[in-house]
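Let us learn to read a protein model step by step. Keep the picture open as you go.

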Amino acid sequence: MLRDASNGAMEARISGQLARRGPCLLLKTGGPDALVLWADKVTIRSDKTGGWRLVHTGNGQHLRDQDWIVAGGGHYPPGAPAQQFAATAIPYPCAAYPAVQIYAAERASPPAETEGQPPPNASPPAPDELSLIDAGSGQGTVTEIRGVSSPREALFRHVVVQRRRQHAEPLCLADVPPKMLTRLRKEFAAIYHHSQCSWRDGSAVVLAETGAPASFVTASIICEGRLCRAEGATISGNLGGEGRYYLLTRRHRTWRIQNTDRSWMS
């Protein structure tokens, strides 16, 4: 349970799949798996098959392992100790995961496509050169990225470009596959895996090797056919971060990224 649900509720709209891993209940969203911290009351009941189910005392929803859900809440910064947000002790294997706050969860249908699968009628292999046409960074503006097959990679590129317009610090990308990281390093300087950044004194993100100020970059995405709903964020510290919602659509060889709204800011 969340330590302070009354004052700490986030206002993002998130979705994903519940997954039990040992003693840990996680939310799978297409980005890094996150440990669920409930911001409203739930009870756990056993069922006739020997399994279990979660029951929301507020809305009466019954949720089980592998259920897809939509909920209110939001992700905490990668690397921030989940225990600092929890009301009770977290078992060691679970404390290693980043945390996600969830409330008012409802069961939902799984998406037709997930981030790891290409949309229908995927284009031929991408060319080596990247073409990026950017219409700005404010709400409602549109970026077009060509030559990238993965919508998550397109979102990473967009968030990195936006960040680099104002800041030149090292960026550590959350849950980025090795091949994707290699491609991004060819396009951008000072790009690192999230494991190469850490929290200094629990308040600021630094590059672990040098101690230089840095930022985490997250890219969470769920796709249904050619339409993807996503959240991208940069986190430089407990009081330094911003997340934004995006809609991604694919047309021919181009990802069209629309900035729809700010999801959170600190």
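Q: Which residues of α4 are buried?

A: This is a predicted model. In α4, the buried residues are M180, L181 and L184. Their directions span an arc of only 100° around the axis, so they sit on the same side of α4.

Q: Which exposed residues does the face of α4 turned away from its buried side carry?

A: That face carries P178, K179 and K186.

Q: What do the buried residues of α4 pack against?

A: They pack against α3, β11 and β12. Strand β12 covers residues 191-193.

Q: Let us take one residue. Is L181 buried or exposed?

A: Buried counts as under 20% relative accessible area. L181 has 8%, so L181 is buried. L181 belongs to helix α4.

Q: Which residues is L181 in contact with, leaving aside its neighbours within four places in sequence?

A: Those are V176, I191, Y192 and H193. Take I191. It is 10 residues from L181 along the chain, and their C-alpha atoms are separated by 7.8 Å.

Q: Now the core. Which residues touch the most other members of the largest nonpolar core?

A: F156, L173 and L248 do. This core has 26 residues.

Q: Which elements each supply at least two residues of this core?

A: Two helices are on the list: α3 (151-164) and α4 (178-187). The strands are β11, β15 (215-224), β16 (227-237), β17 (240-251) and β18 (254-265). Helix α3 gives the most, with six residues.

Q: What is L248 in contact with, leaving aside its neighbours within four places in sequence?

A: The list has P151, L155, I221, R226, L227, C228, A230, W255, R256 and I257.

Q: How many residues are in the second, separate core?

A: That core has 24 residues. Among them are A86, V205, L207 and A233.

Q: On to cysteines. How many disulfides does the structure hold?

A: Three. To read the pairing, number the bonded cysteines of the chain in sequence order. The pattern is then 1-2, 3-4, 5-6.

Q: How far apart are the sulfur atoms of C24 and C94?

A: They are 2.2 Å apart, and the two residues form a disulfide. This pair links distant parts of the chain, 70 residues apart. C24 is in strand β2 (residues 24-28), and C94 is in helix α2 (residues 92-95).

Q: Is the disulfide of C24 and C94 left-handed or right-handed?

A: Look at the torsion about the S-S bond. Here it is about -90°, so the disulfide is left-handed.

Q: Are C24 and C94 buried or exposed?

A: C24 is buried, because its relative accessibility is 3%. C94 is buried too, because its value is 1%.

Q: What is the torsion about the S-S bond of C172 and C197?

A: C172 and C197 form a disulfide with sulfur atoms 2.0 Å apart. The torsion is about 70°, so this disulfide is right-handed. C172 lies in strand β11 (residues 171-173) and C197 in strand β13 (residues 197-200), so the link ties together parts 25 residues apart in sequence.

Q: Are C172 and C197 buried or exposed?

A: C172 has a relative accessible area of 0%, so C172 is buried. C197 has 6% relative accessibility, so C197 counts as buried.

Q: Which cysteine does a disulfide join to C223?

A: C228 is the partner, with 2.0 Å from S to S. The angle about the S-S bond is 100°, and the link is right-handed. C223 is buried, and C228 is buried as well.

Q: Last, a sheet. In what order do the three strands of the open sheet come?

A: The order is β4-β5-β6, and the pairing is antiparallel. The edge strands are β4 (42-46) and β6 (62-63). Each pairs on one side only.

Q: How many bridges do β4 and strand β5 pair over?

A: They pair over five bridges, in the antiparallel sense. Strand β5 covers residues 52-56. To find the pairing on screen, look for S46, which stands opposite W52 in β5.

Methods: Residues are numbered from 1 along each chain as its sequence is written. This is a predicted model: local features need pLDDT of at least 70, side-chain atom pairs count only at pLDDT 80 or more; totals for chains, interfaces and linings use all residues. Side-chain values use heavy atoms; hydrogens and water are left out. A disulfide is a pair of cysteine sulfur atoms within 2.5 Å. Helices (H or I, at least four residues) and strands (E, at least two) are DSSP runs, numbered from the N terminus. Buried means under 20% relative accessible area, exposed over 50%, partly exposed in between (1.4 Å probe, protein chains only). Two strands pair if DSSP finds at least two bridges between them. A nonpolar core is a set of buried Ala, Val, Leu, Ile, Met, Phe, Trp, Tyr and Cys residues joined through side-chain atoms within 4.5 Å. Contact means heavy atoms within 4.5 Å. The arc is that of the directions from the helix axis to the C-beta atoms.
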